[in-house]
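Let's walk through this fold together, starting from the strands and working out to the helices. Keep the structure open beside you as you read.

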Amino acid sequence: MTTATHAPAGYADAARVLDAVKVYGRGDTEVRALDGVSVDFPAGRFTAVMGPSGSGKSTLLHCAAGLDTLTSGAAFVGGTDLSTLDDRRLTLLRRDRVGFVFQAFNLLPTLTVAENITLPLDLAGRTPDRARFDRLVDTVGLRDRLHHRPGELSGGQQQRVAVARAFVGDPDVVFADEPTGNLDSRSGEEVLRLLGRTARETGRTVVMVTHDPVAAAHADEVVFLADGRLVDRMAAPTADRVLDRMKAFETGTGAKAVETDTGAQAFETGSGAKAFEAGTGDSASAGSEAGATRGATT
Ligand SMILES: Nc1ncnc2c1ncn2[C@@H]1O[C@H](COP(=O)(O)OP(=O)(O)OP(=O)(O)O)[C@@H](O)[C@H]1O
């Protein structure tokens, strides 16, 4: 196992899954999305999850983050076995110990940039640490946009707000599902650098699902899934090496992977939005109320 650089609460892994099995549907329509995956996400590291379309990447991320439950096996955030938590405690864990960045930025349009960033803390009734907030705002380069609303920002700027929001509560782990999927390559590159830099500067852990070898090359390590199984890990990845590894998958399943790609994108957008609701849990409506209140006072 890899040695952790920043272990939360004495655990070397910020998150991990053990013998994870996830089965969707039954009988003829049964899909085994995860087929016995064990993988650790070391604390303080940036890990990318790659694999062909349909290999189980998003399912792994959602189950590891407590957005979905496993059919069997276990998922841990730090030392907490998620299966031991009831819905309320799971919602609290997601709110207090996990950050999320999705392909769709999921910002609240009525809130300013500053309010969107501090939303998870506001919902938790926590006061933002001013110095930490300031550091994050400077890291993501949004100081001159703090009083703007998301609709006044570019896609890249909106995703930078989402990155700041994910880190503001000092979570054990930030899960990112295709965070650059809606961005042009330049904005995507900025967001990836930012994810890596923020993870390093805050000592936090990032787990990112991506289709893109260039994106994966920003991570400290890449884990590869195929057919719901962990098939490889690559430390210090480069885009070329990741691409070569992916080509090996395509040799076996190339046509199928290309064919299913568009449908999978549509699926992902839907699950991203659902996951965000689940991520904020009962707080989504509170968020709207907060927005309405603030909107009235600004
Ligand atoms: N809610 C669901 N109901 C039924 N099947 C599902 C559901 N979610 C995912 N699946 C199936 O589980 C398998 C793994 O899906 P998943 O989205 O995790 O793969 P992925 O590697 O993230 O794919 P992509 O790269 O195309 O986004 C796929 O066959 C998918 O169709």
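Predicted model: local features only at pLDDT ≥ 70, side-chain atom pairs only at ≥ 80, totals over all residues.

Two strands count as paired when DSSP finds at least two bridges between them.

**Overview**

The protein chain has 298 residues, and 47% of them count as buried. Its secondary structure comes to 9 helices and 10 strands. Among contacts in the chain with a separation of 6 or more, 74% are between residues 24 or more positions apart.

**The six-stranded sheet**

Which order do the strands of the open sheet of 6 strands follow? Reading across, the order is β6-β7-β8-β3-β9-β10, and the pairing is mixed. β6 (98-102) and β10 (229-235) each have a single partner strand, so one side of each is left without a neighbour in the sheet. On average, neighbouring strands of this sheet are turned by 20° against each other, direction ignored.

Helix α1 packs on this sheet, where it touches β3 (46-50), β7, β8 and β9 (221-226). The direction of α1 makes about 150° with that of β8.

A48 has V222 as its bridge partner in β9. Further along the sheet, strand β7 (residues 173-177) runs parallel to β8 (residues 205-209), joined to it by 5 bridges. Here A176 stands opposite M208 of β8.

**The four-stranded sheet**

There is also an open sheet of 4 strands, with the order β2-β1-β4-β5 and antiparallel pairing. Its edge strands are β2 (31-42) and β5 (80-81), each of which pairs on one side only. Strand β1 (residues 13-24) pairs with β2 in the antiparallel sense over 9 bridges. A20 stands opposite V37 of β2, and Y24 has V31 as its bridge partner in that strand. β1 and β2 form a hairpin with 6 residues between them, and G25 in the turn has a positive phi of about 70°.

Helix α1 (residues 57-64) turns up again here: it lies across β1, β2 and β4 (72-77), running at about 120° to β1. α1 therefore has a place in the account of both sheets, because two residues are in contact if their C-beta atoms lie within 7 Å, and by that test α1 touches strands such as β3 and β8 while lying across β1, β2 and β4.

**Helices around α5**

| Helix pair | Axes come within | Crossing angle | Handedness |
|---|---|---|---|
| α3 (residues 113-124) and α5 | 7 Å | roughly 30° | right-handed |
| α4 (residues 130-140) and α5 | 10 Å | roughly 150° | right-handed |

Why is α3 called roughly parallel to α5? Angles under 35 degrees count as roughly parallel, and the two axes cross at roughly 30°, so α3 and α5 are roughly parallel to each other. From α3, the contact is made by V113, N116, I117, T118, L119, P120 and L121; from α5, by V161, A164, R165 and V168.

For α4 the cut-off is over 145 degrees, and α4 and α5 are therefore roughly antiparallel to each other. F133, L136, V137 and V140 of α4 meet R160, V163, A164, F167 and V168 of α5.

In soluble globular proteins, nonpolar side chains tend to be buried together. The largest nonpolar core here has 69 residues, and those with the most contacts inside it are V49, A64, V163, A164, F175, L195 and V207. Helix α5 (residues 155-168) contributes the largest share of this core, 7 residues.

What is V49 in contact with, leaving aside its neighbours within four places in sequence? The list is K57, L60, L61, V207, M208, V209, V223 and L225.

Terms used. Residues numbered from 1 in each chain as written. Core = buried A, V, L, I, M, F, W, Y, C linked by C-beta atoms within 7 Å. Buried ≥ 20, exposed ≤ 12 C-beta atoms within 10 Å, placed from the backbone. Axes fitted to C-alpha atoms, helices over the stretch in contact; angles between N-to-C directions. Parallel < 35°, antiparallel > 145°, perpendicular 65-115°, else oblique. Left-handed = near helix turned anticlockwise from the far one by under 90°.
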